[in-house]
Amino acid sequence: MHPGQDPIPGDTIDLAGLKAMKERDEIEVWVYFDEDLARGSSIEADLQAFEFVAEPARPFLELRRFLQYMESMEPGFMERYGGRKTEVVGVGEREAYCACVLCPQAYVKVLLR
């Protein structure tokens with residue numbers, strides 16, 4: 001994917017590119033670690049199915065939380081692994097809470113490689 005271009009399923013984006021995209025476009029980025037779940041489920045279904053599982057134990061995390069967790073476990077994570085590739089497996093819009101109002105939120109779902 002080239003900078004400034006909208007992601008489409010099948011694109012490859014590294015973690016640094018995802019972080020920049022999230023900051024630039026105010027988009028949710030969901031990082032999945034399980035291929036079957038990433039390709040065969042929706043974010044809403046996954047959030048519901050894993051609501052009682054601690055975030056670090058889930059097979060997916062929102063990018064900001066993923067990077068926070070990885071930096072807490074391995075300081076300098078982004079410097080060493082910012083080039084790690086992900087595959088875009090989904091893009092779209094979902095209903096999410098902004099403060100206490102339900103509103104449309106753009107998202108990108110990626111599979112960490």
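## Terms and model

Contact means heavy atoms within 4.5 Å. Helices (H or I, at least four residues) and strands (E, at least two) are DSSP runs, numbered from the N terminus. Buried means under 20% relative accessible area, exposed over 50%, and partly exposed in between (1.4 Å probe, protein chains only).

This is a predicted model: local features need pLDDT of at least 70, side-chain atom pairs count only at pLDDT 80 or more, and totals for chains, interfaces and linings use all residues. Residues are numbered from 1 along each chain as its sequence is written, and side-chain values use heavy atoms, with hydrogens and water left out.

## The whole chain

The protein chain has five helices and five strands. From the N terminus on, their order is β-α-β-α-α-β-α-α-β-β. The radius of gyration is 14 Å, close to the 13 Å that the globule rule gives for 113 residues, so the chain is as compact as a globular protein of that length. That radius is taken over C-alpha atoms, and the rule is 2.2 Å times the number of residues to the power 0.38.

Of the 113 residues, 39% count as buried. Among contacts with a separation of 6 or more, 62% come from residues 24 or more positions apart.

## Strand β2

β2 has two partners here (strands pair if DSSP finds at least two bridges between them). β2 and β5 run parallel, joined by five bridges. Tyr-32 has Leu-111 as its bridge partner in β5. β2 and β3 run antiparallel, with three bridges. Here Val-31 stands opposite Leu-61.

## Helix α4

Helix α4 covers residues 63–73, and its buried residues are Leu-63, Phe-66, Leu-67 and Met-70. They cover an arc of only 95° around the axis, which puts them on the same side of α4. The arc is that of the directions from the helix axis to the C-beta atoms. Their cover includes α1 (15–25), β2 (28–32), β3 (60–62), α5 (77–81) and β5 (101–112).

## Glu-62 at the helix start

Glu-62 lies in strand β3. Its relative accessibility is 12%, so Glu-62 counts as buried. At the start of α4, a side-chain oxygen of Glu-62 reaches to within 2.9 Å of the backbone nitrogen of Arg-64. Leaving out residues up to four places away in sequence, Glu-62 touches Lys-22, Glu-28, Val-29 and Trp-30.

Technical notes: A polar contact is a pair of N or O atoms within 3.5 Å; within protein, one must be able to donate a hydrogen and the other to accept it, and residues adjacent in sequence count only if both atoms are side-chain atoms.
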